Amino acid sequence: MNEPRTVAPELAARGGVGAAVRHESAHLHVAGEATYVDDIREARGTLHAAFGLAARAHARIRSIDLAAVRAAPGVVAALCAADIPGENNVGPILRDDPILAAGTVDYVGQPVVLVVAETVGAARRAARLARIDYEDLPAVLTIEEALARRSFVLPTVTLARGDADAALAAAPHRRRGRLRIGGQEQFYLEGQIAYAVPQEDGGMLVYNSTQHPGAAQHQVARALGVPANRVTVECRRMGGGFGGKETQGDLPACAAAIAARRLGRPVKLRYDRDDDITITGKRHDFLVEYDAGFDDAGRILGLELVLASRCGFSADLSGPVNDRAAMHADNCYFLPAVRIVSHRCKTNTQSSTAFRGFGGPQGMLAIEEVIDEIARALGRDPLEVRRANFYGPGRDLTPYDMRVEDFVADRLFAELERSSDYAARRAAIREWNRRSPVIKRGIAMTPVKFGISFTATFYNQAAALVHVYYADGTVLLNHGGTEMGQGLYTKVAQVVAHELGVGLDRVRVSAADTGKVPNASATAASSGSDLNGKAAQAAAREIRARLTAFAAERFGVAPEAIRFADDHVELGDLKRITFAELAKLAYYARVQLSASGFYRTPKIHYDPRTLKGRPFFYFAYGAAVSEVAIDTLTGETRLLRADILHDVGRSLNPAIDLGQIEGGFVQGMGWLTSEELWWGAEGRLMTHAPSTYKIPVASDVPADLRVALWSRGENVEDSVHRSKAVGEPPLMLAISVLHAIKDAVASVADHAASPRLDAPATPEAVLRAVEELRARADAR
């Protein structure tokens, strides 16, 4: 096992950078005292809202009868699109996503009516009483239907390099196939919620569970028809986000604010779980088709890849999600001649949105399927084919023309192969399968290379405020990042504590607030620590520079002899005073003890029309080995063991990083094994509750889970303390679970043929794959 890099004892003891300290709100979480939006003490006169939802996938609204709604007990108001004072839209890029449907409805579950009542229950009951007369219109529900009708939310994009057709034609071997990749519900613990409180002079304060308070602020301002400076959005913490609160939180924020403005009273809108899953967007599901040409070693010579995703009824973030899918369809592999076609399909379903990985997982899964199929065609271990296709010297240019300058997947892969005892276990599994007629085992090892930065280049910026209070030397930190349980606030506080030489207990982080740090980017793309950590570091360094200059003059000491550490300031060999004492002296000398910091990611550039450039600052790497068992009579699967080695650079906090890796892996495992989204023939999402939608539980985590941070990890780029992002990349480590299941299914026919197994590999899907493979074997 690789242990995390050690840190200086005094820093570890004080909770500075590199220390494995607990989450800053852990004590509040376990005591049930952490304040989420629904826990905020309600102001006098607070009302509650609920949506009335569309019952058709695609229809014209003939009329809306709200008489029964308005007559229901406790109802204060029932609003339609015509009652919105400003713009009826929450589309983040294209303005194509109404707050309340007007004229037509575009999916089952689309909000049409907003009911406001004295209690939550009264609002929800009354919302069901709306009578809507529809004229049904043709609905497009599947990717296949959308492709047949050329129904797209955005134009098709092609990413190409070299002559793929010529390379395919000349290749010694060729393999064609298709793969279905399911979507995924974010299933955050805290559902979507907003609490809007009217302020003086037309202002509006909105408490919102959102990953992007700045976007929510602007959406609310547009919906109210007021300037942005009249709206403040605040978020102290979320109970999970996973991308599902990057744009999806804007709808309840706008609706609550509209009702609060109209009625002059605070309004809270909190979805129940069924409505939450029914209304909100999911991870994009994909249909993948591939045509690969390769040599005897399995090295890819030419590849055509078609990625078609179900985007839903509006564009939302489907453009950048699908761009990232295309740009991650190389994963760790050099593709000399490649054409990737990306279709963004418009369907009458929920508008698909961000989810951890943001398209990257689907692109990676596509190329890993290609690699696996090549290996099976040649009768080789997929590990050998993966290694044969790795980036390397002279083979280091991505399909989007970015040179891979930090490739370490080969070294990391080799280490994990040894530490996991992969070869011996693979041989033992083959022997087990020869003797076991019902329970079959499989093993797979897959790598991850994930690009870090927003592909929307302008988002790669952040600002932060750091205040030092002269009375006691304590520090208050505020930045534009949001805390959703991932530990961002803890890491950024550690960075500030390190710069000022104070203990972590001396630094407090306040809620993300658009009135303090404006124009902040979403906390997404795994960039939270990179961006906000650097901005906070800049602010803290500015304060330290001022204090250093003051101390040097005051005490007659050379600036380079002054050291901040352990809550003290060492003034060369002359004197040692507390940080608090120096802060007080500086204040009385009229030295500013507050600073703002700003950071913009360097080097990146990108043309969204051609998908060419350098969209990423650096790459994060990892690898996983998964061993599974399947029951060939029922299709049930179990993950027996997982070995994970992940590169986080120089970890800011190993405890938090390990937690992110474990959580991401399990969430990815759920996406690929149990979490199935299913729509009925009329476009209604049937898996809209925990009773029908199955996320992993504690018993799904393997009893033998071995997770380590790569001890040699170090970011070659100037990230915050040479760390690497860790939020999204670990999710894709779970691709090894799906491929281990596929390996187990293949043993049914003694690996003579390749199983047809889509994702998620539910028991039903596994059983179908087993039976189909047996039928093919019997037909020979």
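Tutor: Strand β1 (residues 47-53) pairs with strand β12 (residues 267-270) in the parallel sense, over three bridges. Two strands count as paired if DSSP finds at least two bridges between them. Helices (H or I, at least four residues) and strands (E, at least two) are DSSP runs, numbered from the N terminus. This is a predicted model, in which local features need pLDDT of at least 70 and side-chain atom pairs count only at pLDDT 80 or more, while totals for chains, interfaces and linings use all residues. Residues are numbered from 1 along each chain as its sequence is written, and side-chain values use heavy atoms, with hydrogens and water left out.

Within β1, take A50. A50 has a relative accessible area of 6%, so it is buried (under 20% relative accessible area; exposed is over 50%, and partly exposed is in between, with a 1.4 Å probe and protein chains only). Apart from its neighbours within four places in sequence, A50 is in contact with V113, L114, V115, A123, R124, A127 and L269. Contact means heavy atoms within 4.5 Å.

R425 is 375 residues from A50 in sequence, and the two C-alpha atoms are 55 Å apart in space. R425 is one of the buried residues of helix α14, along with Y422, R426, I429 and N433. Viewed down the axis of α14, these buried residues fall within an arc of 100°, so they line one face of the helix. The arc is taken over the directions from the helix axis to the C-beta atoms. A423, R434 and R435, on the other side of α14, are exposed.

α14 covers residues 422-435, which is 14 residues, and from its first C-alpha to its last it reaches 20 Å, close to the 20 Å expected at 1.5 Å a residue. The expected span is 1.5 Å times one less than the number of residues. Among the elements covering the buried residues of α14 are β16 (439-452) and β27 (618-631). Those two strands pair with each other in the antiparallel sense over 14 bridges, and I439 stands opposite D631 in β27. β16 is mostly covered, with 12 of its 14 residues buried.

Next come the nonpolar cores. In soluble globular proteins, nonpolar side chains tend to be buried together. Here a nonpolar core is a set of buried Ala, Val, Leu, Ile, Met, Phe, Trp, Tyr and Cys residues joined through side-chain atoms within 4.5 Å. The largest such core has 152 residues, and L303, L365, V496, L500, F665 and I741 have the most contacts inside it. Helix α16 (residues 528-555) gives the largest share of this core, 10 residues. Domain 1 (13-34 + 461-600) and domain 2 (406-453 + 616-780) both give residues to the core, so it lies between them. A second, separate core has 39 residues, including F51, V116, A194 and A221.

The domain bounds come from an automatic or database domain assignment. The C-alpha centres of domain 1 and domain 2 lie 39 Å apart, and 22 residues of domain 1 are in contact with 23 residues of domain 2. In helix α16 you will find S529, which is buried with a relative accessible area of 15%. Setting aside neighbours within four places in sequence, S529 is in contact with L488, K491, K534, L652 and V720.

The buried residues of α7 include A215, V220, A221 and L224. What covers them includes β10 (204-208), β11 (231-235), α8 (250-263) and β20 (512-513). α7 is followed by G225, which has a positive phi, near 70°.
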